[in-house]
Structure formats: C-alpha cells, structure tokens
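This briefing concerns the pockets of one protein model. Please view the sequence and the structure before reading on.

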Amino acid sequence: MAAKIISGKEVAAQIREELKKEVGELKDRHDVVPGLVTILVGEDPASVSYVTAKQKTSHDLSFHSIQDNQPADISEEHLLQLIDKYNKDPKIHGILVQLPLPKHINEKKVLNAIDPDKDVDGFHPVNVGRLMIGGEEVKFLPCTPAGIQELIVRSGYRTEGAEVVVVGRSNIVGKPIANIMLQKATGANSTVTVVHTRTKGMASHCKRA
C-alpha cells in the first residue's frame, strides 16, 4: 500500500464540530457544562503555547475553562494543595498539569495526586491500568495516542488484523498507542510490534506495516 499523508487539520475541524453539538446537548438535557482546568507552572514558551491552544479550543467549545498559571518557584506542597482543590470542585471534570515541571517538583507525585476520574491526560497509574484492561474500564485515553487512532480510523484505514508498528516506547505515546491498537474494539484489533532504540533490523519491522 502506498504511503498516504493524513490531514490532521481536517479531522480536527470535524471533531470540533461534533463536540460542539455534544456539549450543547449535554447542557440542554442535563444542565452540565464540561469543566477543564489547565495548570501551568512557569513560563516555558512551548508549554505556554500548548496550554493557550488548549484553552482556546475549550472556550470555542463552550467549556467551563480555567487556566491556572503559577510561578516557577511554587512549592510542591502548594501545587499539591491546588490539585486537591480542583479534585474537590464539582464544576471541574478534567485536570491537566502541563509538563515538564520545574526540577524541584516531583512530577510523579504531582500526577499521582490528580483524581483518576479527572485525569484527562491518562497518566495516573490507575488510568494506565484501565487502558491495559480496556473496554468499559477506560475513562480517559492519553491525548496524542487517542488522536493517532482517530486519524487512522477517520482516514478509512481498516485496523482489524492489520500489522501496526509503533516506533518508540515512551509512556506518553509509544506504550499507550500500542495498547490502544491491541484492544478488542472498533478501530483496533491490530497485530502490534513496538520497535525502539535497542531493536535490531528496525527497517524490516517497519516494512511489514
């Protein structure tokens, strides 16, 4: 099969229109407005740009959206207290802590402090386990892997029984997308191979995809 470049912008626009409708129906039928808080520590340019884009999309979709900017020298204790506040806030359904965090803060401790049912990045160990189990256990999929699957499915590719090669084994992208494509579900059911920096004959694996 010849390689095909997938237009992410077109798919994203389609998904946004679908979400606008879903958000409106949620408000009309249940008087619920999705609430998302993004917590940004410091002023890393890439992180600022990323969080700003997320907030813009949230506003465009009529979410209850909060961007909580904190100074780079915030203490770990204060950050954990902030997360606890949003864990308990009934108007907030999703919490996103932008990474990386300053070196004096333990990222693992911070991510583990987020309520798994509000962990929209899917980084909490509970959600990692839910993804491994699959099915109705899954609450949130990590954003980038979920986006990859959407691009594949909406572009008309049949994934069932397909040879899928994942290049990289990161906790953020590689491992999650491998687990997603393995699931016994629509848009998955693939035969997955993961290659990485220690893989021998990487090209031969990739040619099977």
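What volume does the second largest pocket have? The second largest pocket has a volume of about 620 Å³, a pocket being an open set of points on a 1 Å grid over the protein atoms alone, where a 1.4 Å probe fits, with protein on both sides within 12 Å along at least five of seven lines. Grid points are joined across faces, edges and corners, and a volume is the space filled by probe spheres set on the points.

The model is predicted: local features need pLDDT of at least 70, side-chain atom pairs count only at pLDDT 80 or more, and totals for chains, interfaces and linings use all residues. Residues are numbered from 1 along each chain as its sequence is written, and side-chain values use heavy atoms, without hydrogens and water.

**Second largest pocket**
- The lining of the second largest pocket includes 16 nonpolar residues (Ala, Val, Leu, Ile, Met, Phe, Trp, Tyr, Cys and Pro), four charged (Asp, Glu, Lys and Arg) and three polar (the others, Gly among them).

**Largest pocket**
- The largest pocket has a volume of about 1,500 Å³.
- Its lining has 34 residues, with Ile15, Leu19, Thr57, Leu61 and Cys143 nearest the centre.
- Nonpolar residues number 19 in the lining of the largest pocket, beside eight polar and seven charged.

**Cysteines**
- Cys143 is partly exposed, at 39% relative accessible area (from 20% to 50%, with a 1.4 Å probe and protein chains only).
- Cys206 is likewise partly exposed, at 31%.

Methods. 1 Å grid on protein atoms, 1.4 Å probe; cavity = no way out; pocket = protein on both sides within 12 Å on 5 of 7 lines; lining within 4 Å.
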